[in-house]
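Open your viewer and get your selection tool ready. We will go stop by stop through the model shown here.

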Amino acid sequence: MTTIKQEGNQYVAYFEGRLDTAAAVTTAEDVKPLYDVTNSEIVLDCSKLDYISSSGLRIFLSIRKEAALKNNKVIVRHISDDIRQVFVMTGFVSLFEIQ
Amino acid sequence: MPQLDFHTQILLDEYHQLLPVLNRLNEIVSQTLEKMIQDSGIVVTAVATRLKTEHSLTGKLQLKGSKYHSIYDITDLLGGRFITFYTDDVDRLAAMAERVFTIDWDNSVDKRRLHQLDSFGYNSLHYICQVPKTLFEDPQMPELNKIKFELQIRTTLQHAWASINHDTGYKSDIEIPREYMRQMNRLAGMLELADDEFSRIRTELNDYRRRVQQLVQNGKLDDVLLDGETFKSYLQASPLDNFNRRIAAINQAEIQEVPLMVYLPILKTLGCNTLGDVEKLIRQNEDDAYRLARHQLGTTDIDIISSAIGLQDICIVEIMKKGGGKFGLKWLYDSLNGEGTQNEMLADMTLKQIENLPFMNQK
């Protein structure tokens, strides 16, 4: 389940639970409003995200790709050590601003 | 506003009648200038057109209206402008304009070439142009091809000088003190020199890029110092593609392209001074880096990796072999991910993961 909230100048997507292949279809739909955002900061809040699979990484990459086209900045925040390790193992650690 | 004389009034009436055609001309010239920029690939700081307003035209006619017999004698009802970074680009755009528009050479001026040997001042290229029928023709608007317009092409520095000079008194009623004129001309000379230097630097940089690309193609990497330009050329030769594909094969993963320039300062800190050093670093560590990737990814079902994975793992291996330990890993993650305490924990986790790999015992 993913919720998107506008908080000041930021659009924050709150991810919860497991972002695996099963959840990816729904999540991909949930994050679509982010593709319409322009000239803003998009925050992917992972404080309640327990697990991310390749499908989840693809969703993050799509958000980043669309954001770059629309002059948005993407920040990934509050990720667990395990998920951070996934970003390192796959080489995506330098692609996102991770807070 | 003083009473307008009869002649001025006639010219203003002609202007009003011509306005729909002028607006159409404005659209055509604007689109043509934009297309010239697209086709040439020249980067400009501005491309714009402007139609003379009635107010501005009235002022002009009050000053020198008798000079014009008809509205078609006025050549700046429409003005177009390119502002470029480099003087070379002024010449390239001028050449393009000569092909696209009909140029009235008797009234066009290249002020860059007008100055005496010992004088400096307003530098700009002004072409008086018409739209030829080969570019646009509308039987409903035959006047459009008769109207002359002004095209101005100048560099950013020329534009700055001209704008400031205009703002501080050019064309005003008060005579400009000689000392002020001398100071402005000194500046014009300096800016002209700066313009030439920028063009020269660009030409030399392009030559340098070509030389580096040649050296990279010929494999003479030891002769190429490592810097932003050379690293970019090196990466264009895709030196890590095969290695990344080898890693991707572990999980039949797809590879997402990501920028690798962030590794330049890391490679420098790891002691690479030339592209040859980078090449050696990669080849000396790739088997161990492959073991590291296999160890990390092999037990997961992750089937997407970035094109940075190969170089990242090579750097991890190099740091470990040099005895960089946890501090070295944290420095790497700080460099890639921005400084933060979480990178210390990440370094701990990585160390624990790889502690039994063979290269961990080399120092």
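A word on conventions: residues are numbered from 1 along each chain as its sequence is written, while chains are lettered from A and ligands numbered from 1 in the order in which they are written. This is a predicted model, where local features need pLDDT of at least 70, side-chain atom pairs count only at pLDDT 80 or more, and totals for chains, interfaces and linings use all residues.

Now select the whole of chain B. Its mean pLDDT is 87, with 93% of its residues at 70 or more. Color by secondary structure to find 12 helices and eight strands; these are DSSP runs, helices being H or I of at least four residues and strands E of at least two, numbered from the N terminus.

Next, select the contact between the chains: 22 residues from chain B and 18 residues from chain A, with two residues in contact if their C-beta atoms, placed from the backbone, lie within 7 Å. On chain B, α9 (275-297), β8 (304-306), α10 (309-321), α11 (325-337) and α12 (342-354) each supply at least two residues of the side that touches chain A. Finish on α12(B), which gives the largest share of that side, five residues. For the complex, the predictor gives an ipTM of 0.86 and a pTM of 0.61.

How values were computed: pLDDT = per-residue confidence, 0-100.
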